[in-house]
Every structure is written in C-alpha cells, then in structure tokens.
Amino acid sequence: MNKRLKAGFVAVAVFGFATTASAAELRVGHSSLPNGLGNPMCCSSNSHGWVFQSAFDHLTYMDTSGAPGPGLIASFENVGPTTWRAKIRTGVKFHNGRTMTVDDIVGQLDYLLTDEGKAKGVAMVRNLGALAGAKKIDDTTFEISTKASNPLMMNEIGILKGMDMKHFADVGFDGYATAPIGTGPYKSIKWERTRIELEAFKEGWRPGKIDKVTWLELPELAARVQALQSDQIDVALGLNNDATPQVVSSGGKMKSSVAPSVLTLMIQSTNPGPMTDVRVRQAINYGVDKDAYIDAIIGKGVTVATGQPAPRSVRGYQASIKAYPYDPQKARQLLAEAGYGNGLKLVAEVVNNTAELNDVYQYVASDLKKIGVDVELRVITLPDLIAKARGQKPIEGQLFSFDMGSFPTMDMMRSINALHSCNTQSKWTCFPEIEPTIAAANQEFNQSKRDALLAKVAQFYHDQATSIYLHEQYQLEGMDAAVQNWNPNNWVINWHEVEFQG
C-alpha cells in the first residue's frame, strides 16, 4: 500500500467508476452514504454520522466519561430545572465565509419545533423530545428550555451539527441537501448519492490537514477490502476481524475503537409465556459461552462480553457487574425450576447484515440447544426491525436482535428511555418496580446522586436478565499505513486531526 504517495497522481477505477488520487487526498470506502445527501438534519444514524462529521461540527461533544463538552457551543450551565444557558464559540466561519452567530443555533432549534421541522427533521426531533424552545439572550448567549427537568439536555443536543440557517432560509431543506454548508474541517465540492468530494476548509476553527477527502459508497464488505488492498481507497469503514489478514498482508493496518452500544438478543418479556419468568431469562444468559464466540468469531481482545445495558465507554457502566458466566448446569437447573426441564422452543428474529453477526447468532442458538432451548432463527431486514421497534409491525419472536445504544448522549438512560422501559411505545421491557428509580435518574442534576441511581438501574437490568447480553460493540477500520492520528471516540471520528505521513 501507499504506492500513490510516491507516485503523485494516479487514475484508478473503483468498481465501475473512476477516481483520481493524489498524495493529498484521502479516499474513504463506506457501506452507505446518507440518503438525504448533505443535509445533516436528514438522518441520525451512527454510520452516516461519520460522513457528516467530516463536513460539520457537533454543537457539543461527549468526553470519555460520558459528560458533555464544548463544540460549537463553547460553554453552558443549568440555570433552572428546565433552563440551560449556553454561549457559542466565537469567530467560527461557515464554509461560505460567513461568521456563525447565535441566530444560526437558535434558528435550527426553532425550525425543529415547527410542523415542517418535525416532519422533515424527524430523525433529529426523535432525539430531542425534551426540547421546548430556544431564545437569543445576546450576541454570544442563548437559552434552551425543556418540557421537564432534563439533566441530559446538553448531551442530547450533541446530535445536532452547526448549519448556516441564513443559507437554509434561501435554499430550504431539500436545497441544503445538494448545497450543504457547515463549519467542519472539510467543505463540500460535490455531494452526490454515492460519491462525495470535500476539500480542506483552511479558514475553519479546526481545519483539515489533508487537501481533499473523497467518500465512495461500496456496500459490500468484500468490495471495500478489495479496494483497500488494490490502493483504490485509503480507509475502509465497517470491517470485521476476518478482514485483518487481508489488510495486514497487503501492507495496511487495522484500527479498533469502542462503540457506545451493547449488542443483545432482546427479550420480549411482557407477552404471556416463558419469558415472563426471570429464571428462564437468566437461564438463557447462563447458557451462552460469550467468551468462546468472541474468540472464535470476532477475535480475541477486540471486544468483551457484557451483562449490563451500558458498555465501558458510557456513563452508567458498572465495573462491579460482570457478564453472566457460561454455566450450562445452572441454566438447566433454572429451566427445570421454571417448569421447562423437558425443553423449550423459542423464535429469534435477527438481522444478519454481516457474516459475523450471522455466525454469532448461529453460535448462540447452538449453545442454547445444549441446554434444551431450541431457537429458530428467522432472518428479517433492518427496515423490518425498525418497523417492529416503532410498533408498525408485530414482533413475532420471543427474542430479537437489537442493541442498547447510547449515542449521542453517552449515557445509559438514552437507550432505556427510548426503547427499554415502561415509558416507551414498545414496552417489551417493562418492570414497574424500577420505574421510580428511572424517573429519579431522569431528573437528578447532582451527578454523584445520579450515578448512584444509574448503578441501581444497571444492577436491576442485569439481575432481571432483560435481554441476552452479548458483547460491547466496536468499530473496526482498515487503512493504508500512511494514515495517521485516526482516533475515533464513541462513534465520533477526529477528522480535523487525521493526516497522511508518507
């Protein structure tokens, strides 16, 4: 790899379309580019967020403890149960040269509260359910009001990226998609559905160190690996450990980082049947050898087994809570006590969008068969799973593939509040006895008191075995040896620091 750094400019063809590479260009292969093109209000998925982060800055960024820190918002304070006061970062330039103002941030928040904003920016609105309003105080200060006490408001607002709302007023929501203007390290030259070209924004507050970044949509993992091996791209996102030998043997390297999410087989525990019995739920957790499948399928040291709703990188994680150990004898004993000593049949609806996930679920089913639990794996699509999660389609299995994700708040309650408690539309996880603790955690501003409440929630979700807890999720990228300072943190890529070293 890295031949092009010595050769200057080289024309190559990447699976049917041509690109010209230079020593000052970073070419990134990704499984999917944003369907809504360059408007960052169009979607909130983590993978599309990696694209937007190269051209836009978040309003706040979470640190490694899960606490919100400065982004385009330079500082903030809670001045009342439902009021936050914030100051913007001054002197920040948009890609068109205009200076960012308080009006841009307040304008974006106001837009999301309009009927059009709620409809077109629904991906953002879903993450900002507590937002009640925003108002300008002076040229550098504004206030955010919430519908109720919300200690996570400045975490939640981190889902938003800075947008030029004067330009937005001129071109509209759809027009912004093809003519995006942000404040990020790189600015748009061309933003198309399967190809994006960006150039360094040298006037930015965090300018990019590489002259040009080109994004290429390569849906198949094998295609991304092949493109990396043949020097047609420099970074391949969304790989798995099986790609490591190919990447390394061709002179590249693999980079791994922690993701703020726990992979589970979620349990539908509120429908009548065996899953209402905590002994059954615990039994199927004891019945899976998670360490064995991690070593065999994912790779030793890439991730760890877990037994709680928060990974190590997220606030609410409890080091004292261990993963359920593999104990098939205890699993069979619990099943017998629950009245299922002669066996049990379950259906698991799973999204197998990678070979690795397919292997994990097959491994889980095989382990559970050894304790007398026969699991039928029914493959569904990701859109099907989303529809089921939103109540648009019925969940037909007692188990279904899901994660407990904490982006953008990096707080355990993000996932529990959104999907995994009584106060949700889905209610597949609903235990009234823990709801007062959840409610208290959602209103407590004193962090030490709140941490104690989070610990109680995490322990309860572990003890009740609300899902088959599998492993902490992770990012794996393959890249050219010349790519340096690639250090993502909790699904945020540090684009302003990434560089080539030939």
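Predicted model: local features only at pLDDT ≥ 70, side-chain atom pairs only at ≥ 80, totals over all residues.
How do the rings of Tyr111 and Phe173 sit relative to each other? Their centres are 6.5 Å apart and their planes meet at 25°, so the pair counts as stacked. Since Tyr111 belongs to helix H3 and Phe173 to helix H7 (residues 165-178), the pair ties together parts 62 residues apart in sequence.

Tyr111 and Phe173 also share one aromatic cluster with Phe168 and Tyr176.

Now to the strands. Four of them make an open sheet in the order E6-E7-E9-E8, with antiparallel pairing. Strand E6 (73-80) and strand E8 (131-138) are the edges, each pairing on one side only. From one strand to the next, the twist averages 25°.

Helix H3 (residues 102-112) packs on this sheet and touches E6, E7, E8 and strand E9 (141-146). The direction of H3 makes about 160° with that of E8. Elsewhere in the sheet, six bridges join E6 to strand E7 (residues 83-88) in an antiparallel run, and Ser75 stands opposite Lys87 in E7.

The model has 18 aromatic pairs. In one of them, the ring centres of Trp84 and Phe445 are 6.0 Å apart with planes at 40°, so this pair is tilted. Trp84 is in strand E7, while Phe445 is in the loop between helix H16 (435-441) and helix H17 (447-463), 361 residues apart.

Which of these residues is buried, and which partly exposed? Trp84 is buried, with a relative accessible area of 8%, whereas Phe445 is partly exposed at 30%.

Notes: Residues numbered from 1 in each chain as written. Heavy atoms only, no water. Pairing = 2+ DSSP bridges. Helix = DSSP H or I, 4+ residues; strand = E, 2+ residues; numbered from the N terminus. Axes fitted to C-alpha atoms, helices over the stretch in contact; angles between N-to-C directions. Contact = heavy atoms within 4.5 Å. Phe/Tyr/Trp six-rings, centres within 6.5 Å; stacked < 30°, edge-to-face > 60°. Buried < 20%, exposed > 50% of the residue type's maximum accessible area, 1.4 Å probe, protein only.
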